[in-house]
Amino acid sequence: MSPLELIGVAFWSFAVAVAGGIAGLVLGNLRLPLVLQFSSSTAAGAGANVAISAASALTASIAHWRGGRIDWRLFWLMAPPSLVGGILGGLISGLLPERLLLATIAVVVLYGAVEIDRHRRGRSAEPQEAPAGGRSIAVGIAFAVGVLGGLVGLILGTLRLPAMVRWLQTSPRAAVGTNAATGVVVGIGGLIGHLAGGVDWALLGAGCGGAVPGAYLGARLTGRLDDDTLLRAIAAILVVAGVSLAAQAALA
């Protein structure tokens with residue numbers, strides 16, 4: 001990669017991290033298409049992207065920890081299966097055909113758009129009553145999201161957050177902080193799983209260089225923008241990204 005391309009990745013990672021910090025999401029979905037565009041392979045790009053997301057989530061987690069927004073009991077419930085799932089997903093990623101991997105990523109990105117829109121529509125809704133066996137279900141979801149996240153190079157906080165609120169009756173504030181902390185574990189697991197198949201370290205360095213300060217700035221700006229407008233824009237961008245990835249899978 002040329003220095004200009006690395007600067008472009010760093011700049012976009014910074015912008016995505018700022019938006020993610022404001023919205024309470026990492027938004028690796030928005031970074032992924034650009035990372036894949038410059039990566040040496042789909043699996044190597046996915047590994048770099050999930051590690052960048054982990055760095056961004058770690059920065060946000062520190063802010064949430066200082067604000068008392070992490071439920072440590074819930075974190076330790078979901079972190080171990082998330083780590084195992086992330087490693088497994090990373091290992092599987094290098095074994096899949098590029099077209100299948102791109103198609104899987106496209107589906108996840110598009111589903112992320114749906115989840116963000118649902119989050120926007122239901123922000124004021126009260127958490128539902130947790131059914132029997134909610135803890136076991138949460139552990140299963142943590143593992144499944146970890147596998148999928150490691151596979152496609154995302155920490156998938158938009159999938160994990162609703163599960164925390166629904167199945168464990170976690171307050172939105174605690175769910176956001178705990179979700180970010182759990183995302184760090186998924187990112188670490190995904191990176192470990194991708195090591196065997198290779199990781200684009202130049203992309204990882206450039207992405208972290210932009211994402212870390214961006215996440216910090218975004219966390220400082222949380223609540224200063226209109227959430228509804230921001231989430232609408234994010235959902236629209238995810239749709240565009242998902243359709244683009246689906247087209248790449250069809251043409252691969």
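I begin with a definition: two residues are in contact when heavy atoms of theirs lie within 4.5 Å. Please note that this is a predicted model, in which local features need pLDDT of at least 70 and side-chain atom pairs count only at pLDDT 80 or more, while totals for chains, interfaces and linings use all residues. Residues are numbered from 1 along each chain as its sequence is written, and side-chain values use heavy atoms, with hydrogens and water left out.

Let us turn to helix H2, residues 28-38. Helices here are DSSP runs of H or I with at least four residues, numbered from the N terminus. Of the eleven residues in H2, eight are buried, where buried means under 20% relative accessible area, exposed means over 50%, and partly exposed is in between (1.4 Å probe, protein chains only). Among the buried residues are Gly 28, Asn 29, Leu 30 and Arg 31.

What does its side chain meet in a polar contact? The partner is the side chain of Asn 49, at 2.9 Å. A polar contact is a pair of N or O atoms within 3.5 Å; within protein, one must be able to donate a hydrogen and the other to accept it, and residues adjacent in sequence count only if both atoms are side-chain atoms. Leaving aside neighbours within four places in sequence, Arg 31 is in contact with Trp 12, Ser 13, Val 16, Val 26, Asn 49, Ile 52 and Ser 53.

Next come two residues with positive phi. Leu 27, in the loop between helix H1 (3-23) and H2, has phi near 60 degrees, a positive value in a residue other than glycine. Leu 27 is buried, at 3% relative accessible area. Leu 156 lies in the loop between helix H6 (134-152) and helix H7 (157-168). Its phi is near 55 degrees, again positive in a residue other than glycine, and Leu 156 counts as buried because its relative accessibility is 5%.

I close with two further positions. Thr 59 is in helix H3, residues 42-66, and counts as buried at 15% relative accessibility. Not counting residues up to four places away in sequence, Thr 59 touches Val 212, Ala 215 and Tyr 216. Is Trp 72 buried, partly exposed or exposed? Trp 72, which is located in helix H4, is partly exposed, with a relative accessible area of 40%.
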